[in-house]
Amino acid sequence: KKDAKLNKKLQDFYPQSLGSMLIVNTPPIFDSVWSMFRPFFPRRMVEKVNVVNPKKRPKDMLHFAKFVSEEEVPEMYGGKLTTWPPGRKS
C-alpha cells in the first residue's frame, strides 16, 4: 500500500512527458512480450503506447490518422506515400 502511494506521488510530481507513442509493424513475438510485461508498467504509460500494424490489421490505420495523414505514411506501413524517403524523385 505504501508503494502505491509513493508511485502515485511520483507520477503526480513528475508527470511523464510522453504524449503518445506509436510502435509500428512489430514482429509477431512483440505482441506476446508486450502483453506479458504491460501489467508491470504504470497504467498512465500503457495508455500512451499504441502498437499498430496497418498492413496486417487495416483498422490500425485509424491510430495513424490521429497523428499523420494517410498520404504521408509510406506504403510499407500501410499508407499511400509511394516515394520514400519523402522528396526523392521517382
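This passage describes the fold, the confidence and two contrasting sites of a predicted model. The chain contains 4 helices and 2 strands, which follow one another along the sequence in the pattern α-β-α-α-β-α. Of its 90 residues, 22% are buried, and the accessible surface comes to about 7,200 Å², with carbon and sulfur atoms contributing 61% of that area. Among contacts with a separation of 6 or more, 47% are between residues 24 or more positions apart.

The average pLDDT of the chain is 77, and 78% of the residues score at least 70. Confidence is highest in helix H2, at a mean of 90, and lowest in helix H1 (residues 2-13), where the mean is 66. Where pLDDT is low, the predicted coordinates should not be read in detail.

A nonpolar patch on the surface is formed by Ile 29, Val 33, Met 36, Phe 37, Phe 40 and Phe 41, which together present about 620 Å² of accessible area. Within this patch, Phe 40 is placed in the loop that links helix H2 (28-37) to helix H3 (43-46). Phe 40 has a relative accessible area of 67% and is therefore classed as exposed, the cut-off being over 50%.

Asp 60 occupies the loop between strand S2 (49-52) and helix H4 (61-65). The relative accessibility of Asp 60 is 5%, so this residue counts as buried, for which the limit is under 20%. When residues up to four places away in sequence are not counted, Asp 60 touches Val 51, Val 52, Asn 53 and Pro 54. With Asn 53, a polar atom of the Asp 60 side chain lies 2.8 Å from the backbone nitrogen.

Conventions
Residues numbered from 1 in each chain as written. Predicted model: local features only at pLDDT ≥ 70, side-chain atom pairs only at ≥ 80, totals over all residues. Heavy atoms only, no water. Patch = residues over 30% accessible without salt bridge, like charges linked within 9 Å, V, L, I, M, F, W, Y side chains within 5 Å. Areas by Shrake-Rupley, 256 points an atom, 1.4 Å probe, with all protein chains shown as cover. Salt bridge = Lys/Arg side-chain N within 4 Å of Asp/Glu carboxyl O. Buried < 20%, exposed > 50% of the residue type's maximum accessible area, 1.4 Å probe, protein only. pLDDT = per-residue confidence, 0-100. Polar contact = N/O pair within 3.5 Å; in protein donor to acceptor, adjacent residues only side chain to side chain. Contact = heavy atoms within 4.5 Å.
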